[in-house]
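Biologist: Here is a chain to go through together. Let us take it one question at a time.

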Amino acid sequence: MENEYTPPAVWANDEESGGAWASINRPVAGATHDKVLAVGRHPLQLYSLATPNGQKVTIMLEELLALGVTEAEYDAHLIQIGDGEQFSSGFVGVNPNSKIPALVDQSTGSPINVFESGAILLYLADKFGHLLPKDIAQRTTVMNWLFWLQGSAPYLGGGFGHFYAYAPEKFEYPINRFSMEIKRQLDLLDKQLADNKFIAGDDYSIADIAIWPWYGNLVLGKVYDAAEFLDAGSYKHLQRWANDIAARPAVQRGRIVNRTSGEDWEVLNERHSAADITNTLNLQPS
């Protein structure tokens, strides 16, 4: 078979073949350089970028603030993953896995480091008592879908998104392989939403907040430019849900935090007060 790859006896890193975003990955853990993280004045310090995983946390924080939880005020510091800022000693001290987002809760006697986006959502829901039911059956349903997302999203981002949008060359086999799985996932969500207003039932929860930045953005054509390719319009219930979530003011606010590209009104590198978001959104054409 032409251009068939034969793996060597021992793998070695070839940085030249990594394609877009190759610099964000490496085969070893730990810090590459010393740099202290900036610290703002609010109880919660977030270090992130407006990827789908980053959007989960900023949307969650904005939803809590919309509910009147003033203790959820936060500073959102930009981490430029393309420049390797996630490998600084300060960031690695918060998240040894060197992936955004990472959160430091300074409201406790000793600061608490929280990493992995799903863990951050759960931490904030438990801390403030919102967006996660207390009833054991309802809570379990939310947790089922939260963990579904944490296991499924790598197929979307690292699998489909990488080979469809970012790989230096297009290959039919991996694109077909991951498209098959993503179509199955979209169909699963569509069927779940046929009988439920929100992912886990009648109430908006951290399950919706976790899933929307990945699958909502996907079917609305906001990630990978793949909505037509995946026939996203055929998933009517998923489309309804995605648009409903997108219309929420807290989602509109949270999705632009730590964003570095797009129209002027949706780019907000850092957030240190509610006014930062309001002033940016005010640039949106009427």
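Biologist: Which residue's side chain makes a polar contact with the side chain of Glu 62?

Modeller: This is a predicted model. Glu 62 sits in helix α1, residues 52-66. Its side chain pairs with another side chain at 3.2 Å, inside the 3.5 Å limit for a polar contact. The partner is Arg 253.

Biologist: Is Glu 62 buried or exposed?

Modeller: The relative accessible area of Glu 62 is 4%. The cut-off for buried is under 20%. Glu 62 therefore counts as buried.

Biologist: Which residues is Glu 62 in contact with, leaving aside neighbours within four places in sequence?

Modeller: Arg 253, the polar partner of Glu 62, is one of them.

Biologist: What is the relative accessibility of Thr 58?

Modeller: Thr 58 is also placed in helix α1. It touches Leu 46, Tyr 74, Gly 254 and Val 257, not counting residues up to four places away in sequence. Thr 58 counts as buried because its relative accessibility is 1%.

Biologist: Which residue's backbone oxygen lies 3.3 Å from a polar atom of the Thr 58 side chain?

Modeller: The Thr 58 end of this pair is a side-chain atom. The other end is a backbone oxygen, 3.3 Å away. That oxygen belongs to Gln 55.

Biologist: At what angle do helix α4 and helix α5 pack?

Modeller: Helix α4 spans residues 136-166 and helix α5 spans residues 172-194. Their axes are 9 Å apart. α4 passes α5 in a left-handed crossing. The packing angle is about 145°.

Biologist: How many residues of the contact of α4 with α5 are nonpolar?

Modeller: On the α4 side, the residues include Trp 145, Trp 148 and Phe 160. On the α5 side, Ile 182, Leu 188 and Leu 189 are among them. The contact also holds five polar and two charged residues. The nonpolar count is 13.

Biologist: What radius of gyration does the protein chain have?

Modeller: The C-alpha atoms fill a box of roughly 60 × 50 × 45 Å along the principal axes. For 286 residues, a compact globule would come out near 19 Å. The chain agrees with that, so the value is 19 Å.

Biologist: How many helices and strands are there in the protein chain?

Modeller: Along the sequence the pattern runs β-α-β-α-β-β-α-α-α-α-α-α-α. Counting its elements gives nine helices and four strands.

Technical notes
Residues are numbered from 1 along each chain as its sequence is written. This is a predicted model: local features need pLDDT of at least 70, side-chain atom pairs count only at pLDDT 80 or more; totals for chains, interfaces and linings use all residues. Side-chain values use heavy atoms; hydrogens and water are left out. Axes are lines fitted to C-alpha atoms, for helices over the stretch in contact, and angles run from 0 to 180 degrees between N-to-C directions. Helices (H or I, at least four residues) and strands (E, at least two) are DSSP runs, numbered from the N terminus. A crossing is left-handed if the near helix is turned anticlockwise from the far one by less than a right angle, and right-handed if clockwise. Contact means heavy atoms within 4.5 Å. Ala, Val, Leu, Ile, Met, Phe, Trp, Tyr, Cys and Pro count as nonpolar, Asp, Glu, Lys and Arg as charged, and the others, Gly among them, as polar. Buried means under 20% relative accessible area, exposed over 50%, partly exposed in between (1.4 Å probe, protein chains only). A polar contact is a pair of N or O atoms within 3.5 Å; within protein, one must be able to donate a hydrogen and the other to accept it, and residues adjacent in sequence count only if both atoms are side-chain atoms. The radius of gyration is taken over C-alpha atoms; the globule rule is 2.2 Å times the number of residues to the power 0.38.
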